[in-house]
Amino acid sequence: MAAGVIAEFDPFHGGHAHLLDCASRGGAEPVVVVMSGSFPQRGAPACAGKMVRARMAAELGADLVLELPVARALAPAEVFADGGVRLLAATGVVDRLVFGSESGDAAL
């Protein structure tokens, strides 16, 4: 099975690289990423194009990068997350979600 990550990677940074490394368990597990496209949730164009961000994700551990449809990517957080989870579930291979936390407190 595979790990799933829902992200914008706008901009892509070291924390995202760390997340992908953790998701892949050092390369031992495939990682499927659902990423917003040209317009992340805030609605302004992404600071880097979707192909650039997808390539960065692939170079740093993602095995497959799927684009979250724009209607979900521009929606409130609940709709954004629901769209990502539904897309990952539709692959039929993702059995766990991996996410980062600015606070580092998963319980919070």
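User: What share of the 108 residues in the protein chain is buried?

Analyst: In this predicted model, buried residues make up 34% of the 108 residues in the protein chain. A residue is called buried when its relative accessible area is under 20%, and exposed when that area is over 50%. The accessible surface of the protein chain comes to about 6,100 Å², and 60% of that surface belongs to carbon and sulfur atoms.

User: How many helices and strands are in the protein chain, and in what order do the elements run?

Analyst: The protein chain holds four helices and four strands, and, read from the N terminus on, the elements run β-α-β-α-β-α-α-β.

User: What radius of gyration does the protein chain have, and what would a compact globule with 108 residues have?

Analyst: A compact globule with 108 residues would have a radius of gyration near 13 Å, and the protein chain, with 13 Å, agrees with that value. Along its principal axes, the C-alpha trace spans about 35 × 30 × 25 Å. Contacts can be read alongside this: among those between residues at least 6 apart in sequence, 72% join residues at least 24 apart.

User: How many positive and negative side chains does the protein chain have, and how many salt bridges does a search of the whole structure find?

Analyst: Side chains of opposite charge can pair when their charged atoms come close. The protein chain has 8 positive and 12 negative side chains, with the centres of the two sets 5 Å apart, and a search of the whole structure finds five salt bridges.

User: Which residues are linked with Glu 29 in a network of salt bridges?

Analyst: The network links Glu 29 with Arg 25 and Arg 96. The side chains of Glu 29 and Arg 25 meet at 3.5 Å, N to O, while those of Glu 29 and Arg 96 meet at 2.9 Å, N to O. Because Glu 29 lies in the loop between α1 (14-23) and β2 (31-36), and Arg 96 in strand β4 (residues 94-97), this pair ties together parts that are 67 residues apart in sequence.

User: Are Glu 29, Arg 25 and Arg 96 buried, partly exposed or exposed?

Analyst: Glu 29 counts as buried because its relative accessibility is 13%, whereas Arg 25 is exposed at 53% and Arg 96 counts as partly exposed at 23%.

User: Where do Arg 86 and Asp 82 lie, and how far apart are they along the helix?

Analyst: Both residues lie in helix α4 (residues 77-91), where they are four residues apart and so are separated by about one helical turn.

Technical notes
Residues numbered from 1 in each chain as written. Predicted model: local features only at pLDDT ≥ 70, side-chain atom pairs only at ≥ 80, totals over all residues. Heavy atoms only, no water. Helix = DSSP H or I, 4+ residues; strand = E, 2+ residues; numbered from the N terminus. Rg over C-alpha atoms; globule rule 2.2 N^0.38 Å. Buried < 20%, exposed > 50% of the residue type's maximum accessible area, 1.4 Å probe, protein only. Contact = heavy atoms within 4.5 Å. Areas by Shrake-Rupley, 256 points an atom, 1.4 Å probe, with all protein chains shown as cover. Lys, Arg positive; Asp, Glu negative; His and termini not counted. Charge placed at Lys NZ, Arg CZ, Asp CG, Glu CD. Salt bridge = Lys/Arg side-chain N within 4 Å of Asp/Glu carboxyl O.
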